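This report examines one protein model, from its overall architecture to selected residues.

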Amino acid sequence: MEIAPLAAPGAASKAAHTVFIGPKELDILKSLNRDLERAIDFGWFGVVSMPLLYVLHFFHRLTGSWGIDIILLTVLIKLLMAPLTHKSFVSMKQMQKLQPQMERLKEKHKDNKEALNKEIMELYRRNKVNPFGGCLPMLLQFPVFIGLYNALLTPIELRHAPLLWIKDLSRPDWESLPLEVFGYHAGVPVLTLLMGASMFVQQWMTPSAGDPNQRRMMLMMPLVFTFMFINFPSGLTIYWLVNNLLSIAQQYLINRMHK
């Protein structure tokens with residue numbers, strides 16, 4: 001923006017400004033060649049969100065459906081993250097196999113924590129198991145998940161975009177199947193319920209080396225996420241559902257390989 005020079009008393013001065021008034025749509029902003037695409041605020045994870053949004057637009061030129069684009073992007077991310085996820089699942093599977101031996105060590109050294117820790121570390125070393133192997137890969141994926149969350153939540157592209165029975169991917173899926181309950185406007189969150197069910201199956205299949213109470217707590221997570229996703233945009237729910245289904249398939253193959 002140019003600043004107009006100061007005018008002398010009684011004299012006239014003119015200044016020209018260019019103003020853009022419109023939606024923050026990536027293709028439109030980029031076509032103006034003024035770096036206005038930076039006006040889309042993705043927060044701290046913008047360095048991840050912006051490339052993912054560009055990939056979405058690339059897929060959209062091929063499919064013409066934002067819903068299918070989200071599915072393709074989810075598959076692509078899952079393929080890129082497959083080695084890390086595989087390492088995490090295998091590590092948890094190994095930890096699960098060592099659980100009976102760890103319980104015996106706890107019983108043997110229940111009054112000597114120092115000896116217990118030493119024996120457990122020796123057990124890990126002997127079986128070539130990294131106790132943090134199941135956590136580290138998941139932590140590395142966290143920025144990608146947050147970046148994708150922002151890439152789907154922030155842009156305007158998903159507004160009024162349909163997929164199957166869903167009328168608007170930027171709105172909760174229950175709004176696409178409205179109904180009235182005792183005079184209150186509600187809806188049937190089919191997509192969200194499917195997401196919750198898939199997450200429950202995934203948690204049930206995931207190896208757990210912890211105590212039974214911890215496992216029961218983890219099995220409660222799908223219920224918590226289902227309530228969280230009730231009012232989330234349908235596009236985000238599609239991502240989470242497809243990601244869960246792919247994780248279930250991967251976990252099934254790993255369980256077959258490491259029986």
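## Basis and conventions

Helices (H or I, at least four residues) and strands (E, at least two) are DSSP runs, numbered from the N terminus. The model is predicted, so local features need pLDDT of at least 70 and side-chain atom pairs count only at pLDDT 80 or more, while totals for chains, interfaces and linings use all residues. Residues are numbered from 1 along each chain as its sequence is written, and side-chain values use heavy atoms, with hydrogens and water left out.

## Overall architecture

The protein chain contains 8 helices and 2 strands. Read from the N terminus, the order of elements is α-α-α-α-α-β-β-α-α-α.

Of the 259 residues in the protein chain, 37% are buried. Here buried means under 20% relative accessible area, exposed means over 50%, and partly exposed lies in between (1.4 Å probe, protein chains only). The protein chain exposes about 16,700 Å², of which carbon and sulfur atoms supply 65%; accessible areas come from the Shrake-Rupley method with a 1.4 Å probe, and for residues only the protein chains shown count as cover. A contact requires heavy atoms within 4.5 Å. Among contacts in the protein chain between residues at least 6 apart in sequence, 62% join residues at least 24 apart.

## Nonpolar cores

In soluble globular proteins, nonpolar side chains tend to be buried together. A nonpolar core is a set of buried Ala, Val, Leu, Ile, Met, Phe, Trp, Tyr and Cys residues joined through side-chain atoms within 4.5 Å. The largest such core has 29 residues, and L152, L169 and I238 have the most contacts inside it. At least two residues of this core come from each of α2 (46-63), α3 (66-108), α5 (136-153), α6 (190-205), α7 and α8.

Leaving aside neighbours within four places in sequence, L169 is in contact with W66, G67, L158, A161, P162, L163, P233, S234, G235 and I238. A second, separate core comprises 9 residues, including M95, L116, I120 and L123.

## Aromatic pairs

The structure holds 6 aromatic pairs. Rings of Phe, Tyr and Trp (its six-membered ring) pair if their centres lie within 6.5 Å; planes under 30 degrees apart count as stacked, over 60 as edge-to-face and the rest as tilted. The pair of F225 and F229 is stacked because the ring centres are 6.3 Å apart and the planes are at 25°. Both residues belong to helix α7 (residues 212-229), where their spacing of 4 residues corresponds to about one helical turn. F225 is buried, with a relative accessible area of 16%, and F229 is buried, with a value of 4%.

F229 also forms a tilted pair with W240, with 5.7 Å centre to centre and 45° between the planes. F229 lies in helix α7 and W240 in helix α8 (residues 234-257), so this pair ties together parts that are 11 residues apart in sequence. W240 is partly exposed, at 21% relative accessible area. Ring pairs link F225, F229, F232, Y239 and W240 into a cluster.

## Residues of helix α8

Q250 is found in helix α8 and counts as buried at 14% relative accessibility. Its side chain reaches the backbone oxygen of A82 at 3.2 Å, a polar contact being a pair of N or O atoms within 3.5 Å; within protein, one must be able to donate a hydrogen and the other to accept it, and residues adjacent in sequence count only if both atoms are side-chain atoms. Not counting residues up to four places away in sequence, Q250 touches K78, A82, T85, H86 and F89.

Y252 is also placed in helix α8 and is partly exposed, with a relative accessible area of 45%. The C-alpha atoms of Y252 and T206, which are 46 residues apart along the chain, are separated by 9.5 Å.

## Salt bridge and backbone features

A salt bridge is a side-chain nitrogen of Lys or Arg within 4 Å of a carboxyl oxygen of Asp or Glu. By this rule the count is 1 salt bridge. R171 forms a salt bridge with E175, and the closest N and O atoms are 2.8 Å apart. R171 is partly exposed at 39% relative accessible area, and E175 is partly exposed at 30%.

H160 has a positive phi of about 65° although it is not a glycine; this residue is in the loop between α5 and β1 (178-181) and counts as exposed at 56% relative accessibility. L164, likewise not a glycine, has a positive phi of about 55°. L164 is in the loop between α5 and β1 and is exposed, at 76% relative accessibility.
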